[in-house]
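Hi everyone, thanks for coming. I'll take you through one structure today, a few residues at a time. Have a look at it first.

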Amino acid sequence: MYRSHFQIIADILNTARDYNDGGNGVSITLLIRKANVSYGRITKILTRLIDAGLLQQIPEDKACRYKISEKGIEFLQAYTRFHEFVESFGLRA
């Protein structure tokens, strides 16, 4: 099934929101698995989401974790409303 770039972003933000274990963020491995995106592609997307203020990067010993920001939550809510609106007309977002 085809997913738009915005649907992939929504999948990443949903995972960062839903699996944020105790406020410590999620690993890139979990994001790759849940969003079903390759490592090379997700690193580019994560950089853009961090630059846009939608995700926060939390440095750890050997890797980073990712946590959705308030702006990311707002983006996700707006995207969900838009997606539902478009689908109400029988169209795909």
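Let's start with Asp 11, which is buried because its relative accessible area is 19%. For that word, the cut-offs are these: buried is under 20% relative accessible area, exposed is over 50%, and partly exposed is in between, with a 1.4 Å probe and protein chains only.

Before I go on, a bit of housekeeping. This is a predicted model, where local features need pLDDT of at least 70 and side-chain atom pairs count only at pLDDT 80 or more, while totals for chains, interfaces and linings use all residues. Residues are numbered from 1 along each chain as its sequence is written, and side-chain values use heavy atoms, with hydrogens and water left out.

Okay, back to Asp 11. You'll find Asp 11 in helix 1; helices here are DSSP runs of H or I with at least four residues, strands are runs of E with at least two, and both are numbered from the N terminus. Which residues does Asp 11 contact, leaving aside neighbours within four places in sequence? Those are Arg 3 and Ala 35, where contact means heavy atoms within 4.5 Å.

With Arg 3 there's a salt bridge, side chain to side chain, at 2.6 Å from N to O. To count as one, a side-chain nitrogen of Lys or Arg has to be within 4 Å of a carboxyl oxygen of Asp or Glu. Arg 3 itself is partly exposed, because its relative accessible area is 25%.

How many salt bridges turn up in a search of the whole structure? Two. Arg 17 and Asp 18 make one as well, with their closest N and O atoms 2.8 Å apart. Arg 17 is at 40% relative accessibility, so it counts as partly exposed, and Asp 18, at 49%, is partly exposed too.

Now let's zoom out to helix 1 as a whole. Helix 1 covers residues 5–18, which is 14 residues, and spans 20 Å from its first C-alpha to its last, close to the 20 Å expected at 1.5 Å a residue. That expected span is 1.5 Å times one less than the number of residues. Its buried residues include Ile 8, Ile 9, Ile 12 and Leu 13. What do the buried residues of helix 1 pack against? Quite a list: strand 1 (26–27), helix 2 (28–35), helix 3 (39–51), strand 2 (55–59), strand 3 (64–68) and helix 4.

Next stop, the loop between strand 3 and helix 4, where Ser 69 sits. Is Ser 69 buried or exposed? Buried, because its relative accessibility is 6%. The side chain of Ser 69 reaches the backbone oxygen of Leu 54 at 3.1 Å. Setting aside residues up to four places away in sequence, Ser 69 touches Gly 53, Leu 54, Leu 55 and Gln 56.

For contrast, look at Asn 36, in the loop between helix 2 and helix 3. Asn 36 is exposed, because its relative accessible area is 63%. Its phi is near 55°, a positive value in a residue other than glycine.

Last one: Leu 91, in the segment after helix 4 (70–87). At 53% relative accessibility, Leu 91 counts as exposed.

Methods. Polar contact = N/O pair within 3.5 Å; in protein donor to acceptor, adjacent residues only side chain to side chain.
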